[in-house]
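Here is a short tour of one chain and the way its parts meet. Have a look at the structure first, then read on.

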Amino acid sequence: MPICADDVEWVEEPSMNFWESTFLPAIFGGLQITGSHVVDGKTVTHQYPEEKPVLPLHYRGVHRLNKDEAGRVKCVACMMCATACPAHCISIVATEAPKDDPLWNGRDKFPLSFELDELKCIYCGMCEEACPCDAIELTHIYDLVGTTRAELVFDKNKLLSVYDETKDCGLDPVRTKRGALSGCSEFATLPTLGPATSVKADDRAAKAPSPGVIHD
Amino acid sequence: MPTVYIDDKSIELAPGEKLNCIQAAERAGIEIPSYCYHPALSVVASCRMCLVEVGEKKPDGTVSIPPKVFPGCQTPVKDGTVIVTNSKRVLDAQKATLEYLLLNHPLDCPVCDQAGECGLQDFSYKYGRGYSRLNEPKNIKPDKDYIGEQITLFTDRCIMCTRCVRFTREYSGTGELQIINRGSHEEIDIFPGQPCNNKLAGNVVDLCPVGALCSKDFLYEQRVWWLKGKDSVCPGCSTGCSIRVDQNNDVLYRLKPRYNPQAQGHFMCDEGRFGWKYISSEKRLRQPYQKQGAGLAPSNWNAVMPAVKTAIGTQVKAAPTKFAAIISPWTTVEEAYLLAKLLKGLSPDVTLALGPVRTVGGDDQYPKTVTGAPPKEVKFTIRAEKCPNRRGVEGVLEHFQGSVISFETIASQLQSGALEGLYVLNADPEAMFTADFVQAAKGLKLLVVQDLLESPLANEAHFVLAGAAWAEKEGTFVNHNGLAQSIFRGVRGPGEARPDGRILWELNDRKGLFRASTVRQEIADEIVAFAPLILGDLGEHGVMLNSSEPVVAPALQPA
């Protein structure tokens, strides 16, 4: 649905009074904070690599490709990540899942090859955000080294091995538990009211943005 | 003039014109969403997506609108018809219809090939509700990959618009597809053991407004939003169907028909749709070659171009009556003109001949009838003449030497030893040069072959110039009916191969770059038969060369 004009809220910059417009209170406020750091005597440097930093939960490091319950690659090769990627570092070749193979039961399409250039990547996390089935996720691994450029183009197997490595380490839990093709394809668990993704019924996104909707 | 009012706009009908609400609104620039309606097929009004309010403006100026909605596709307009497409009643009907259509739709857009050009996606976004209230499990029907050699059916995505069924019944006349079962068990299917393999079958994939019918050839190859299209013309036969060439990163993925009332209508045949695979063949010439000793040695353009020019100049000077050129009916008008201009400029005694015109069987007309009798009203013809531009090349040859010399004549001249020099400008991937012809060509003092594929003839040449396939060059094709259409460069050729127009432009010692529209205007100036090409830009429907109507030149000629 297009954005409704009523949903847009315009915000004006607050006006400044005389003292604020001289910027002197802000300058002295800043100097006070700097001064307090000079005299408080706390150490802020880490003894890396002996001491590893504690990273926030949303840290964006090396990618992984998740597996589903059957151990298959969860990715359905929809290429939304490659489309969303601003650095064009993802290249996927899709293929049809073999119809007679019980391993691929219920799947139409999977990535024959999935290559991600970790050097081109800018670690913005857009791929993770775009993925409709939570197949690609960014982990806490930040110390990425290699001796050649080719070594750092991760293929499907390498990305799956990152999953095996990180899924139980505590820092990178498999964050969501959506179905094969996102919540919208899970017919049995569809919410009574609300959009396909599991947004609560009282969420603004669950409400129709424009008038003229038949409410039940 | 009869006037029809659509929302806040009005249009005037031509005398005797019959339009339905969708067509009238389209002319006013207003979209009435629809799935089952297609201008080339009969109207069934089954999808209910085009529901609008329809009323009448009385002579006294009052407007009366019945308090209900009508299917726009099935409601004809007349003088004073008032169509309302944006009232609350209409918008509510569209929302409700879409909710129904999506009840059993699996919403597997991530794996669906149609995503990005899908009617359900587009209309859900524009007119839909954005969420479902269905609290029951959806119907899941098994996929059917046995529907046809080139088509596969994802049954659960189908919205039962029956466009495909009507196409096979009314257009191809073969009637392979049908609906089995009733109610929510409805499915598209074939009759047992009778797959949909007619020569127009690929069109049902284009007709399908959702991702139910997919092309096996294109399945999972690309996401459609990555494809970049260029307008072109199918070279498969002399019908000259208007098409679009879809490519990404210089790889051609598919051809799609474009609507052109002057050429073929809405559709194209499967021979053309899937017959372009030679473009990415391993046998494509990737660089120019020059004869060294007994064999060919790879060369480069900087070395070959002056050498070819000198060799042709010397040979024509030595024996002008014994020099000939064979111009394939697969080349564009511009290329034929540039080569004719070059050789006739060297000596008017040089012979120009038309290349081999392949014909296969007879014209194949649709719709097919049960009895096998020819159809009463021909809706589509696959022509026996398998080349796109015989008339265009003939027009050039007639101008330069008064008559068209056929390939058979020049071949017998060659075999009788009457020729010493030969320039073969070929672009036909299946050109038939017989073993006798190749044997006779061995005796030539100069043989220049400009082609796109490796061939026995090219192996005997003194110079081989790597040319381009039709999707890799720009130019003009003239179809069986005298319709001149422009083709555009969709993909780059492999390796060092160059568009033929560029090669011939440089052989003519012309400055600057080859541009088809400039050459087209030059041809129009010089050859009366091609006068309508003075437009330069032929537009998306092309221009008729033999039309009696005056050609309207655009206000501003492109520089």
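## The chain as a whole

Please keep in mind that this is a predicted model. Chain B has 559 residues, and 47% of them count as buried. Its C-alpha trace spans about 90 × 55 × 45 Å along the principal axes.

In secondary structure, chain B contains 14 helices and 25 strands. If you take the contacts in chain B between residues at least 6 apart in sequence, 67% of them join residues at least 24 apart.

## Three domains

The domain assignment divides chain B into domain 1 (3-99), domain 2 (107-280) and domain 3 (289-544). Between domain 2 of chain B and domain 3 of chain B, the C-alpha centres are 35 Å apart.

## Where domains 2 and 3 meet

How many residues of domain 2 of chain B are in contact with domain 3 of chain B? There are 34 on the domain 2 side, and they touch 37 residues of domain 3 of chain B.

Which elements build the domain 2 side of this contact in chain B? Helix H4 (163-171), strand S11 (228-233) and strand S12 (242-248) of chain B each supply at least two residues. S11(B) gives the largest share, with four residues.

Note on methods: Residues numbered from 1 in each chain as written. Chains lettered and ligands numbered in written order. Predicted model: local features only at pLDDT ≥ 70, side-chain atom pairs only at ≥ 80, totals over all residues. Domains from an automatic or database assignment. Contact = placed C-beta atoms within 7 Å. Buried ≥ 20, exposed ≤ 12 C-beta atoms within 10 Å, placed from the backbone.
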